[in-house]
Structures are given as structure tokens and as C-alpha cells.
Amino acid sequence: ELKVEQNPLFLSMQEGKNYTIYCNYSTTSDRLYWYRQDPGKSLESLFVLLSNGAVKQEGRLMASLDTKARLSTLHITAAVHDLSATYFCAVTHAGGTSYGKLTFGQGTILTVHP
Amino acid sequence: NAGVTQTPKFRVLKTGQSMTLLCAQDMNHEYMYWYRQDPGMGLRLIHYSVGEGTTAKGEVPDGYNVSRLKKQNFLLGLESAAPSQTSVYFCASSLRDPSDEQFFGPGTRLTVL
């Protein structure tokens with residue numbers, strides 16, 4: 001059974017600081033997603049990571065994937081208030097009857113304060 | 001394109017009542033999914049469909065039924081609602097392969113009293 005764990009689950013950051021959210025998963029997967037969700041809203045896709053060593057950056061967010069360690073990181077640089085949201089990682093099953101299904105982490109609630 | 005839309009946005013039911021949630025997508029996607037989101041648990045897959053006329057169970061299917069009579073629509077039914085089904089429900093769709101990126105609808109907030 002594929003399990004996805006994020007940490008931390010709650011993150012309170014000061015503006016201007018850097019921090020990293022971690023996403024561990026338990027079995028082989030062929031792609032990993034990061035999503036952002038604002039309160040009361042739907043999920044917005046941030047990054048899709050397809051292969052070992054993949055790194056993608058958008059603004060103050062950078063995501064990376066290490067398939068050997070089964071670990072993805074979402075790094076936040078010089079945080080600003082607008083980044084306050086819940087961030088989810090989600091992993092697709094690599095094969096078998098669950099092929100392609102997404103399993104989500106619990107989410108990390110990020111609050112950026114002055 | 002409207003993308004993925006869901007109807008209704010909010011609903012309050014009494015225990016034992018039934019209702020149907022409608023998901024529609026205009027992207028000609030083959031795959032469609034229903035998830036529920038509960039606090040601290042991320043999203044969990046209820047049912048999914050790999051094409052018109054086909055459906056399959058996900059992680060938490062009990063108490064729900066689905067139908068995909070038309071490619072663009074995926075319906076989620078609750079025959080006898082229970083308070084444990086109070087949740088936010090999201091529909092999603094993906095293009096052709098189950099590993100293609102999933103696009104999510106705006107969600108339906110359901111409360112069962």
C-alpha cells in the first residue's frame with residue numbers, strides 16, 4: 001500500500017525566511033505532484049516531477065525529487081504572506097491495479113507572518 | 001473552457017436523505033475521479049472512471065455510488081446520507097493516461113445532520 005507522509009504538518013514562518021517541506025512515500029512511483037490549496041478553494045497544481053533528480057522552480061518555490069530516497073522537497077525562499085496556504089504532495093502508483101491513482105499526503109498548513 | 005465544474009457548491013442533508021453530486025468537464029478527458037477531503041487527511045479517492053460507461057472503486061467507496069453515462073459527466077450519489085459523509089467533495093479529470101495530471105473542480109461542501 002502506497003503511503004505518503006508530509007512534514008511538518010504546520011509551519012509558521014516569518015516573512016523573508018527560508019524553509020523546506022518534506023514529502024516521503026513508501027513504494028515506487030512514477031511521478032509526484034505538488035499542489036497548493038487556499039482556504040475554501042480547490043487544488044492548484046504547482047509542480048509535476050517525473051524523474052530522479054528533477055528540479056523545478058516557480059518564483060519563491062522550488063521542488064525536487066529523489067526517487068531512490070523516495071523523497072521530495074518543496075523549498076520556500078524568502079517567504080511572503082501570499083504564500084500562506086496548504087501544500088499537498090501527491091504520488092501516483094507505478095503499477096498494478098492501482099496504476100496512476102493519486103495518493104495524497106496529509107497537507108502542510110503554511111502561515112507566513114510579518 | 002470552463003474546465004471542471006461541480007454542482008452544487010454547498011448542500012445540507014439530513015441523515016438518511018439522498019442526493020447526487022454532478023461533475024462536468026469540457027476538456028474531452030477520459031479519466032474522472034471523485035475525492036473527499038477531511039481535515040488532516042488530504043484527499044482520498046472514492047470512485048473513478050476510465051471512460052464512458054465504466055466505473056471502479058477507490059480507497060473509500062462505501063456509502064457512495066457513481067455513474068458515467070456520458071464522457072463529460074461523472075455523478076456521485078449518496079443513497080442514505082450519514083454524518084460521517086460530511087466532507088468536501090472534489091471531482092477531477094485527466095486526459096488519457098491515468099498518470100496524466102489531474103485537474104480539480106471547485107469542490108462541494110456537504111454537511112449531513
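In chain B, 4 strands make up an open sheet in the order β1-β3-β8-β7, with antiparallel pairing (strands are DSSP runs of E with at least two residues, numbered from the N terminus; two strands pair if DSSP finds at least two bridges between them). The edges of this sheet are β1 (4-7) and β7 (65-67) of chain B; each has a single partner strand, so one side of each lacks a neighbour in the sheet. Neighbouring strands of the sheet are turned against each other by 20 degrees on average, direction ignored (axes are lines fitted to C-alpha atoms, and angles between N-to-C directions run from 0 to 180 degrees). The model is a predicted one, in which local features need pLDDT of at least 70 and side-chain atom pairs count only at pLDDT 80 or more, while totals for chains, interfaces and linings use all residues. Residues are numbered from 1 along each chain as its sequence is written, chains are lettered from A and ligands numbered from 1 in the order in which they are written, and side-chain values use heavy atoms, with hydrogens and water left out.

Within the chain B sheet, strand β3 (residues 19-25) and strand β8 (residues 73-78) run antiparallel and are joined by 6 bridges. Cys23(B) has Phe74(B) of β8(B) opposite.

Chain A has an open sheet of 5 strands, ordered β1-β3-β8-β7-β6 and paired in the antiparallel sense. Here β1 and β6 (55-58) of chain A are at the edges, each with a single partner strand, so one side of each is left without a neighbour in the sheet. From one strand to the next, the twist averages 15 degrees. Strand β7 (residues 61-66) and strand β8 (residues 71-76) of chain A form an antiparallel pair over 6 bridges, and Met62(A) stands opposite His75(A) in β8(A).

On the pairing side of the picture, 7 bridges join β4(B) to the antiparallel strand β9 (residues 87-94) of chain B, where Ser94(B) stands opposite Tyr31(B). β4(B) also pairs with strand β5 (residues 43-51) of chain B, again antiparallel, over 6 bridges; Met32(B) has Ser49(B) as its bridge partner in β5(B). The two strands β4(B) and β5(B) form a hairpin with 5 residues between them, and Gly40(B) in the turn has a positive phi of about 75 degrees.

Over all chains, the count comes to 4 salt bridges, a salt bridge being a side-chain nitrogen of Lys or Arg within 4 Å of a carboxyl oxygen of Asp or Glu. One of them joins Arg36(B) to Asp38(B), with the closest N and O atoms 2.9 Å apart. Arg36(B) is buried because its relative accessible area is 8%, and Asp38(B) counts as buried at 11%. Together with Arg44(B), these residues are linked in a network of salt bridges. In chain A, the side chains of Arg36(A) and Asp38(A) meet in a salt bridge at 2.9 Å, N to O. Arg36(A), at 14% relative accessibility, counts as buried, whereas Asp38(A), at 25%, counts as partly exposed.

Lys71(B) and Glu30(B) form another salt bridge, the closest N and O atoms being 2.8 Å apart. This pair links distant parts of the chain, 41 residues apart: Lys71(B) lies in the loop between β7 and β8 of chain B, and Glu30(B) in the loop between β3 and β4. Lys71(B) counts as buried at 18% relative accessibility, while Glu30(B) counts as partly exposed at 26%.

Terms used. Buried means under 20% relative accessible area, exposed over 50%, partly exposed in between (1.4 Å probe, protein chains only).
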